[in-house]
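These are my notebook entries from a reading of one structure. I set down what I looked up, entry by entry.

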Amino acid sequence: MAVVVGPGTVERVSGRRGAGDDDPGDEVFVDDEGGPWERRLHIVTGKGGTGKTTVAGALAVALATGGRRVLLTEVEGRQQIAQLFDTPPLPYKERKVASAPGGGEVFALAIDADEALLEYLEMFYNLRSAGRVLGRLGAVDFATTVAPGVRDVLLTGKVKEAVNRPDGTRPGGLAYDAVVLDAPPTGRIARFLGVTAEVAGLAKVGPIRAQADSVMAVLRPDRAAVHLVTLLEEMPVQETVDGVTELTAAGLPIGGIIINMARSPLLKARESRQARRGELDREEIVAAVKEAGLEPTRELVESLVWETTQHADRVALEAAQRAEILALGRPVYEMPLEADGVDLGTVYRFAELLRAQQMVG
Amino acid sequence: MTDNAGSSAAEQPQPRRPSRPRTAKPGPATAKPGPAAKPSAAKPSAAKPSAAKPTAAKPTAAKPTAARTATEATETEPALTERARRIRPQPVGVPLFEVDEMLDTERIVVCCGSGGVGKTTTAAALALRAAERGRSVVVLTIDPARRLAQSLGLTTLDNTPREVAGIDESAGGRLDAMMLDMKRTFDEIVLAHSSPERAQALLDNPFYQTLSSSFAGTQEYMAMEKLGQLDASDEWDLIVVDTPPTRSALDFLDAPTRLGTFLDGRLLRVLLAPAKAGGRAYAKVLGAGIGMFTRVLTKVLGAQLLTDLSVFVTALETMFGGFRARADQTYRLLGEQGTSFVVVAAPEAAALREASYFVDRLDADGMPLAGLVVNRTHHSDAGTLTAERSLAAAENLDEHGEHPLAAAVLRIHAERARLADREARLRERFTSAHPDTPLVEVEALAEDVHDLDGLREIGCALARVE
């Protein structure tokens, strides 16, 4: 464990953060705007296990707060939204899953590539029955298998359709005020959204190409933003940094970075250093145990010392990882660790936090 | 030796089944010098760490717990060592996953689980432990964290197993590691099975390029392909495979057959037909409705796309007589004796749900499940102090403005105790649904693992040794 983050390392890292602040010359970012993110399309990505669906759900509620109508979509066939909102599995149909404070509404849709293809055929060619023949032959499987770009175009095409869907009865003339996409993970997001390049190689002309181009039109910095969810751990942070680089290279608009499950430091800096050096004041621990009305046995005291050290180590690690995230120069929002796990209550609490932290106006 | 191994594998990527009997478990029984061959990497200080040792650089490696006396504590028993702290009491009634037994006897260990659960680290830790117990091991990783990759000497993505430096070879084992390059693995198959010109035509085809680099099943398929190659080379006692971070753990089992079915499927034959027989074969294969079929395909995909595809399929088919057969063969290999699946999960609802599906699926497919690793758990040895009591005491201290550090310690404990309770509930939910699945829990390390020492610690926790 030669690379363990010691106090010295933390200082060095935070020093680097300072340098980053002073030196905005890292001109990697196309979109320099900060929050609140007034966009029609919010794409939420993140490494597996970072809680991106929870954050996407919270963002949808936050955007809907105050009487707006928001669509929350997923594209990976996992029914994560239904689980998050405690509803039965979503059909390929938009359904209201939650209310937001102030009369807002959150609708949800699980986009399925096969259904999207049939819908597409019907919409453009009135070919629903032909679509069924294709289905029998495994053509849908084929189209979505041999050319993953085609599959992604179908999925993003449906999202685009929802973003642009007119509704004359609503203020603004659109069916939804905003659309939130619970997108594929960070490792695949640039490819998923950057479908044009891939599809261009396969389909230089034709309807699929046209569809890909129209999706790109929605992914403009003034209309869309890709938000990245991360934990303060090495792998997710590394993927976030890589993701930002890839999205930038693909010319896709990057939004904010949401740090999830952050531990709040419960020790003062000096205590934390003592804990990490194994120099915690045992008298204090004994006092703690006594206050709780228990016998300060050696076992109990040492167990508490160990737990405190683990906490201090963990917080130090998180501080170093946070510095890496801040060095990206993007707006950063932070959601706490929910000790009792994520439930519907978490979604509303996080929505409040996103609003309080100005991610949403 | 490693280089030779790699290049010969690359030249002969076809997984030939040698006549080696699968049932006779080679090597380890004789090679391994018995249970005494504990990894000698085990720190010598297991019993009583000395107070002189704590260093700022390694805060968790040797905490001075034993020597520093708790003020009012008795001195009779030493406090637990760091490793002992990570060994959790096995839940009552839950069979223990005997990791060392698996590592000493199996030929193939496949680690699977949903993304973000520490699958790659677990695979690397298992491989290292097996090697230090005396076996000759290769670990195939898919997408390791950068620093973990570096610690295994995986600096380049070159698809070649390379020996890992710094392992303890005193028990006679060795460890090779490689990172899967899926496109290269695919390219190698193509190059090995056709003339250079044909191969080039295929490598340049846009469909091939998409398929080989981004088809949802390619990574899984190529991992299996590579596993077949490594197995056929017969150079290692044990092959540990990490599986791709697919959205769902189940995709991994389906992928080989999916790609195989696809490449061998009815639709492809149809598409292939015009290239072969000038279009007449269409009617034969499909009968009526084919006119509409081509119309639709042309409309949706565009004519140029269909032409490219047809060329692609023709090229592919001539070179793979039995892509499907290869996929099936690898799938069979997974079900054979000598193969074990290890399911890795984090103590979170979603990850354990996936693990649950996976256990059921392995069972349905007759795949041998060795056990479940619940990774990165948190437990508390101060269980007599409940979260509620701890928080109440912290509040009391705050009210009186006394002992701020003590209050903080109580809050830290309350947080951990709540987490531990929740994780125990989630684990119970799993075990009550799968009472026969052996399980081992691995305590979370405060730091990320990115060197061999860290992997050894995980290995010890998996095997529950101090």
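**Entry 1: two helices of chain B**

I noted which residues bring two helices of chain B together: Met182(B), Thr185(B), Phe186(B) and Ile189(B) in H7(B) meet Thr218(B), Gln219(B), Met222(B), Glu225(B) and Lys226(B) in H10(B). I sorted this contact of H7(B) with H10(B) by class and found four nonpolar, three polar and two charged residues. I record here that the model is a predicted one.

I then looked up the geometry of the pair. Helix H7 of chain B covers residues 182-192 and helix H10 of chain B covers residues 218-233; they pack at an angle of about 60 degrees, and their axes are 9 Å apart. H7(B) and H10(B) are therefore oblique to each other.

**Entry 2**

In what order do the eight strands of the open sheet in chain B stand? I read the order as E3-E4-E2-E5-E1-E6-E7-E8, with mixed pairing. At the edges I found strand E3 (162-163) and strand E8 (439-443) of chain B; each has a single partner strand, so one side of each lacks a neighbour in the sheet.

Strand E1 (residues 108-112) and strand E6 (residues 339-345) of chain B run parallel and are joined by five bridges. I looked up the partner of Cys112(B) in E6(B) and found Val343(B).

I next asked what helix H5 (residues 119-132) of chain B lies across. I found H5 across E1, strand E2 (136-141), strand E4 (174-179), strand E5 (238-242), E6 and strand E7 (369-377) of chain B. H5 runs at about 170 degrees to E2(B).

**Entry 3: the domains of chain B**

I looked up the division of chain B and found domain 1 (107-376 + 450-466) and domain 2 (379-443). The contact between them involves 18 residues of domain 1 of chain B and 13 residues of domain 2 of chain B.

Which elements of domain 1 of chain B each supply at least two residues of the side that touches domain 2 of chain B? I listed helix H17 (349-364), E7 and helix H20 (452-463) of chain B. E7(B) gives the largest share of that side, seven residues. By class, I counted the residues of this side of domain 1 of chain B as twelve nonpolar, three polar and three charged.

I then examined H17(B) beside helix H19 (residues 404-433) of chain B. The two pack at an angle of about 15 degrees, with axes 10 Å apart. That makes H17(B) roughly parallel to H19(B). Ala349(B), Leu352(B), Ala355(B) and Ser356(B) in H17(B) meet Leu426(B), Phe430(B) and Ala433(B) in H19(B). The contact of H17(B) with H19(B) has six nonpolar residues, one polar residue and no charged residues.

**Entry 4: the sheet of chain A**

I turned to chain A and found an open sheet of eight strands in the order E3-E4-E2-E5-E1-E6-E7-E8, with mixed pairing. Its edge strands are strand E3 (95-100) and strand E8 (332-336) of chain A, each of which pairs on one side only. I noted an average twist of 25 degrees from one strand to the next.

I looked up the pairing of E7(A) and E8(A), which is parallel over four bridges. The bridge partner of Ile259(A) in E8(A) is Glu334(A). Helix H14 (residues 298-326) of chain A packs on the sheet and touches E6, E7 and E8 of chain A. The direction of H14 makes about 175 degrees with that of E7(A). I also found helix H8 (residues 186-193) of chain A across strand E1 (41-46) and strand E6 (224-230) of chain A, at about 145 degrees to E1(A).

**Entry 5: the domains of chain A**

I read the domain assignment of chain A as domain 1 (35-263 + 337-356) and domain 2 (266-325). Their contact takes eleven residues from domain 1 of chain A and seven residues from domain 2 of chain A. On the side of domain 1 of chain A that touches domain 2 of chain A, helix H11 (234-249) and strand E7 (254-262) of chain A are the elements that give two or more residues. I found the largest share of this side, four residues, in H11(A). By class, I recorded this side of domain 1 of chain A as six nonpolar, two polar and three charged residues.

Definitions and conventions. Residues are numbered from 1 along each chain as its sequence is written. Chains are lettered from A and ligands numbered from 1 in the order in which they are written. This is a predicted model: local features need pLDDT of at least 70, side-chain atom pairs count only at pLDDT 80 or more; totals for chains, interfaces and linings use all residues. Axes are lines fitted to C-alpha atoms, for helices over the stretch in contact, and angles run from 0 to 180 degrees between N-to-C directions. Angles under 35 degrees count as roughly parallel, over 145 as roughly antiparallel, 65 to 115 as roughly perpendicular and the rest as oblique. Ala, Val, Leu, Ile, Met, Phe, Trp, Tyr, Cys and Pro count as nonpolar, Asp, Glu, Lys and Arg as charged, and the others, Gly among them, as polar. Domain bounds come from an automatic or database domain assignment. Two strands pair if DSSP finds at least two bridges between them.
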